[in-house]
Amino acid sequence: MTTENNRILSANCEQPSCNISRDGKCIENHETPLVNCPFYLQVSSPSSQVEANTHQAGRGLPLDSGRDLKGEPVHGIDAEAILKKSLTRLIVIAGSPESGKTTLVASLYEQFQQGEFATYMFRSSQTLVGFERRCQLSRINSERTYPDTPRTKLEDTLRYLHLEICKQGINNTPTSLLFADINGERFEALQRYANEAAKVIPFRRADHFVLLLDSEKLLDLNRRHQEKSKAIMLLRRLNEANILGKENYVHILFSKWDTVQSETDKIRQEECREYKKVVQREFQQGFADRFGRLEFAEIAARPNQGRPFGLDTLLTYWVQNTPYQERQWHTPIKRPTDLKDCWQFFASEDMK
Amino acid sequence: MTKSNQKSSSRLLMIGLPETGKSTFFVALWHVLNSIAANATLKITRIEGDTGYVQGLHDMWQACEPLARTLPLSQEPSITREIILHLETADGKSQISIVFPDLSGELYEQHWSSRNWQMSYLNLVKDSCGLLVFLMANQQHIPIPITDIASLIAGTEEETTDEEPFEFDPTLSPSQVKLVDFLQCHLEEWTDEHPKRVAVVISAWDKVSTLGQHGTEISTPDAYICRLAPFLHQFLCANCDRLIHRVYGISAQGGDLKIDRDRLQKHSQPEKRIRVICSQETQSESHDITLPVRWVLGIGE
């Protein structure tokens, strides 16, 4: 064991934020043997340095690798750095698998490819490659006939997509948007393990909790009740477990609304519109006084024809509104930037 | 312009994806700097790199022949891709290095795909005081959504393509995204307080007159970037606290060699073929290809 400890403590990692050499803990949550971690470098002996170089070369990296460039979705530590450095909105998007969570975020990014959007300019992103990965299947050079979005992988650690925007004019403060990149199946598990999930997903720090209802399912008489009840059940569980509450703004989005608008069976279309009103009423009756705000909107992030709609209003709302502007505390509140500890932070605040 | 860009030794990087006119710009610049008749305010003191290759390019440029495309290292490993021009101002007070880390542009595709800089490149960036960034006038910089042509392909779809597993291909990303990525990464390494200067060079500017679509006219380089590379344009404008930019439209050949060769060959001074357009310069159109270089370095201000 001592030998193993020595090996761990003399190990190194290509990721600068990993403390493996100090506390023996792999930031990717890999346990010994650490060789399973793709970033692991063992450097306890000169021969290990050769191994490290070989490992590095095996990844296609030149042996004098100077700097790794950002681009993929960031981990919690890098997301915390963004939270500390700039005005940031943390947005958690939930919804059943294939309800359009990733397409929503990808489509927002894609709007800036065409020019300014909702009066905002693109300023920077630490996750350009992540966005490109999610947009590629929707472009004609993918040689596909139908646009698509890759499924979000189920990963051990939560990652975030980052977009920094600003208004024109040198004095306008830029705003960073951090989107928690969550796999749909993980949300299925939320309903059963809400408390455990809350320790991983920073719900209570979220400026906006966004819940998608798939309008394609609402059109389908066989699936609409299940789509509604799953969403209501999730929100109830998160609220009853004190994970979401008055300190959150909740946004219920009816995604893929273009499918309703373009429905040729007018009776079916009208039934869906009426059902949407029923759904809205149920949410309002159940939750209106439990959250800071409860808003509803219809969106089409990537309609089959025409331009996306609803995204400009959504973006403006997210940027300009945050529950922190309305919280009344007897002492000035320090917004938590440590996403891992935000659970403890809010738990301690509730004790006041 | 602060004096920091007029210190005794300054380094300027020239970067751009493959086929963005770097070689043609370079050889035209080299001609002007070497030419007594051109009366340049800068002169070459030394050149590092494959001078035989440079001379060959120069001969072709002078004869109004299309320059052979600079092949990537993998296809022609014998040619050195890095070229460094060591210059001096006419008054002898300032020395400048203009570095082309990779004339072929393959290096920048590799940076985008591999997400890694070699130490040698990182050191180049840290030591540089500004950038010239190249893009080609007649390339598509904006991605086109499938939904934009959905009505055209409806009914013609084949079943197999969409069922294939997805493998992300970074080379398919739009050039404007790659350029923004380059600039972001360079900005992160420039940690001093003074904003850096970035000159955006739109190569083959002579082709722009044919680009106007639906009656829209693109008359200036700034209008080109705003309309045809809007993601890049937003980045440049939104980061005006960290970088100062100018956009130049440059035709280093002077015209289309297939159509205008006879006219272009008649210039007794080849440098008079060159066209440099920039709204922010004193003369919005000139033949002085050193303008973007001198602006980035703050020479003559």
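Let's start with chain B: of its 301 residues, 54% count as buried. Buried means under 20% relative accessible area, exposed means over 50%, and partly exposed is in between (1.4 Å probe, protein chains only).

Now the ground rules. This is a predicted model, where local features need pLDDT of at least 70, side-chain atom pairs count only at pLDDT 80 or more, and totals for chains, interfaces and linings use all residues. Residues are numbered from 1 along each chain as its sequence is written, chains are lettered from A and ligands numbered from 1 in the order in which they are written, and side-chain values use heavy atoms, with hydrogens and water left out.

Back to chain B. It has ten helices and ten strands. Helices (H or I, at least four residues) and strands (E, at least two) are DSSP runs, numbered from the N terminus. Take the contacts between residues at least 6 apart in sequence: in chain B, 76% of them join residues at least 24 apart. Contact means heavy atoms within 4.5 Å.

Next, salt bridges. How many does the structure hold over all chains? There are 28. The rule is a side-chain nitrogen of Lys or Arg within 4 Å of a carboxyl oxygen of Asp or Glu.

First example, chain A. E298(A) pairs with K276(A), with the closest N and O atoms 2.8 Å apart. E298(A) sits in strand 10 (residues 293-298) and K276(A) in helix 12 (residues 266-287), 22 residues apart. Is K276(A) buried or exposed? K276(A) counts as buried, because its relative accessibility is 10%. E298(A), at 33%, counts as partly exposed.

Over to chain B. D127(B) and R11(B) form a salt bridge, closest N and O atoms 3.8 Å apart. D127(B) is in helix 4 (residues 119-127) and R11(B) in strand 1 (residues 9-16), so the pair ties together parts that are 116 residues apart in sequence. D127(B) is partly exposed at 48% relative accessibility. R11(B) is partly exposed at 24%.

One more pair. E285(B) meets R275(B) in a salt bridge, 3.0 Å from N to O. E285(B) belongs to strand 10 (residues 285-286) of chain B, R275(B) to strand 9 (residues 275-277), and they are ten residues apart. Relative accessibility is 42% for E285(B), so it counts as partly exposed. R275(B) is partly exposed too, at 27%.

Last stop, a network. Which residues does it link? Salt bridges connect R67(A), K126(B), E188(B) and E189(B).
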